[in-house]
Amino acid sequence: MSDAYDELPYTDHAYAEVHPDRLAVVARLSGWTAPAVATARVLELGCGRGGNLLPISSAMPGASFVGVDQSARQIDEARALAGAAGLANVTFHAATFEGAPLEHGFDFVLCHGVVSWVPAATRRALFAKMASVLAPGGVAHASFNVLPGWYERLAARDWLRFASGHERGSADAAATLDWLRARVPPERAGYKDGLAAVARRIAETEPAYVAHEYLAREQHPELVARVIAEAEEAGLTYLGDAIPQATAFELLDDAVTTRAAAMGAADAQQLVDFVTGASFRRALFVRTDEASARGWRWPRRLDPAALAGLRVASRLQPEAPDASAAADAVERFRAGELTVEIADLHARRALRALARVTPASLGWDDLARDAGGGSALTTELFDAWLATGALDLHAFAPKLATFPSRHPRACPFARLRAARGGALTNAWHQEVVLPAPIVREVLACADGTRTDEELAAAVTASNLTPAERVAAVRKSLLILASLALLVD
Ligand SMILES: C[S@@+](CC[C@H](N)C(=O)[O-])C[C@H]1O[C@@H](n2cnc3c(N)ncnc32)[C@H](O)[C@@H]1O
């Protein structure tokens, strides 16, 4: 039987929230100690072409990785890229979840965007496999489409499948949706708006996404409580969400917390989704037997004290170059469009310290010792992390250069991508877009053997004088450093 992903491979992306680092952070905030990240054994189920697993393996040489996908064409691509990148710590299997020759004892199991894309029986087999291969203290990630957010998308999907009369490959899905929208009577404004929202989303994404999401036979968004219950039947217990800001009770109306007070994890999460209208979930699980052995219970709230032992990175920069030492001053910090006003003296000190090393991180214990402020600092920075999204918490420190060295070296996998094409992933496993073609050229050439003058000779900016070229290369290197793409 032909495989849908052999015929049309899926999009090939990295997801920061799927990195074992993030899983370990969420675990800690939920009172669970995950295995060490830097030396972990990591499995990705439904890894596609390796867009997620390959950059992680490249940035974590002390860890080992296994990818499984039943699409032989996608696995061939992943293997070829691993070979080109010289990655010895990653293995790929072209196999089903049930049939893959996997040993047990994975510290982290990743599964992005598969659960809703397979029939119910495969979904159950997938959770059973996850539970059986996960190490006792390990953490698993599964992301999937959910209701109620997907109800309006299902209307668009049913129409697109009806209109195309086949399963894949409508190049003009947005136009097909627009045709219908133009004919829907004005009094059905909600239905019209829903179709328009899907048309906009489709216009922004890749054809493979549209085909496998809106035209494929298998696409089964569910209520999150139902998915959590299925995972529980397989021996997995819900731990938290990989993007805590998306589901945290701390950010919702108090009435929601009150209503959820007597609910278990699955129902409480379902309540959150009804309130937020969620369409996608990134659920983390641990083994139920291990949760019982540890006496662990799902915490309704994240634990700020978990910052101790973690690392913090910040994109916030102080608006004024000189810090005001006045205890009652209010300082403004900016990250892109976001402006944050901070009054607490110790939090201001901490944010300035983080701004000096950005995009690298600082260990919480060093940061807290230097900034002072004790538990008030913990609360201030935890709240800033939760509310602004401009701070990141980490359990792992990748190799990262804040400024270019004499012989700058870029993240090896990003360098390969810069030369061959495809999405670029930085040291934090975030996808980044470069502002100009010359920056991509510099990235491709920055292998740690060339000075900036030698890099200037290697790039093809024929419209620039030699001096302008060196200046453009230096500027490009600063951009690469700010985007966490330099390791030396
Ligand atoms: C929607 S794609 C997601 C790919 C990738 N994880 C991502 O998010 O970009 C679903 C993937 O699951 C794989 N898959 C589906 N059913 C499978 C099964 N029973 N065993 C192994 N892989 C399967 C498909 O081949 C496909 O690559």
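Two residues are in contact if their C-beta atoms, placed from the backbone, lie within 7 Å. Helices (H or I, at least four residues) and strands (E, at least two) are DSSP runs, numbered from the N terminus. This is a predicted model, in which local features need pLDDT of at least 70 and side-chain atom pairs count only at pLDDT 80 or more, while totals for chains, interfaces and linings use all residues. Residues are numbered from 1 along each chain as its sequence is written.

Select helix α18 (residues 437-445) together with helix α20 (residues 466-482). On the α18 side, I438, V439, V442 and L443 meet A472, V473, S476, L477, I479 and L480 of α20. Their axes, which are lines fitted to C-alpha atoms over the stretch in contact, with angles running from 0 to 180 degrees between N-to-C directions, come within 9 Å and cross at roughly 80°. The two helices are therefore roughly perpendicular to each other, a term for angles of 65 to 115 degrees. By class, this contact has 9 nonpolar, 1 polar and no charged residues. Here Ala, Val, Leu, Ile, Met, Phe, Trp, Tyr, Cys and Pro count as nonpolar, Asp, Glu, Lys and Arg as charged, and the others, Gly among them, as polar.

**Second stop: another crossing pair**

Next, select helix α6 (residues 150-164) and helix α7 (residues 173-183), whose axes come within 10 Å and cross at roughly 105°. That makes α6 roughly perpendicular to α7. The contact is formed by A156, W159, L160 and A163 from α6, and by A173, T176, L177 and L180 from α7. Its residues divide into 7 nonpolar, 1 polar and no charged.

**Third stop: the domains**

Colour the protein by its domain assignment, whose bounds come from an automatic or database source: domain 1 (4-147 + 221-294), domain 2 (150-205), domain 3 (311-394) and domain 4 (412-482). The C-alpha centres of domain 1 and domain 2 lie 30 Å apart. Their contact takes 7 residues from domain 1 and 5 residues from domain 2. On the domain 1 side, strand β5 (residues 134-147) supplies the largest share, 3 residues.

How many residues of helix α2 (residues 20-29) are buried? The count is 10 of its 10 residues, where buried means that 20 or more other C-beta atoms lie within 10 Å of the residue's own, with C-beta atoms placed from the backbone. They pack against several strands, including β1 (41-45), β4 (106-111) and β7 (236-241). After α2 comes G31, whose phi is positive, near 80°.

**Fifth stop: two single residues**

Select G240, in strand β7. G240 counts as buried because it has 27 C-beta neighbours inside 10 Å. Leaving aside neighbours within four places in sequence, G240 is in contact with V26, S30 and L284.

Then move to L416 in helix α17 (residues 412-420). L416 has 22 C-beta neighbours inside 10 Å and therefore counts as buried. Residues up to four places away in sequence aside, L416 touches A84 and A85. The C-alpha atoms of L416 and A85 are separated by 6.9 Å, although the two are 331 residues apart along the chain.

**Last stop: the ligand**

Finally, display the ligand, which 21 residues surround; the closest are Y5, G46, G48, Q70 and G113.

Definitions and conventions
Near = placed C-beta within 6 Å. Buried ≥ 20, exposed ≤ 12 C-beta atoms within 10 Å, placed from the backbone. Parallel < 35°, antiparallel > 145°, perpendicular 65-115°, else oblique.
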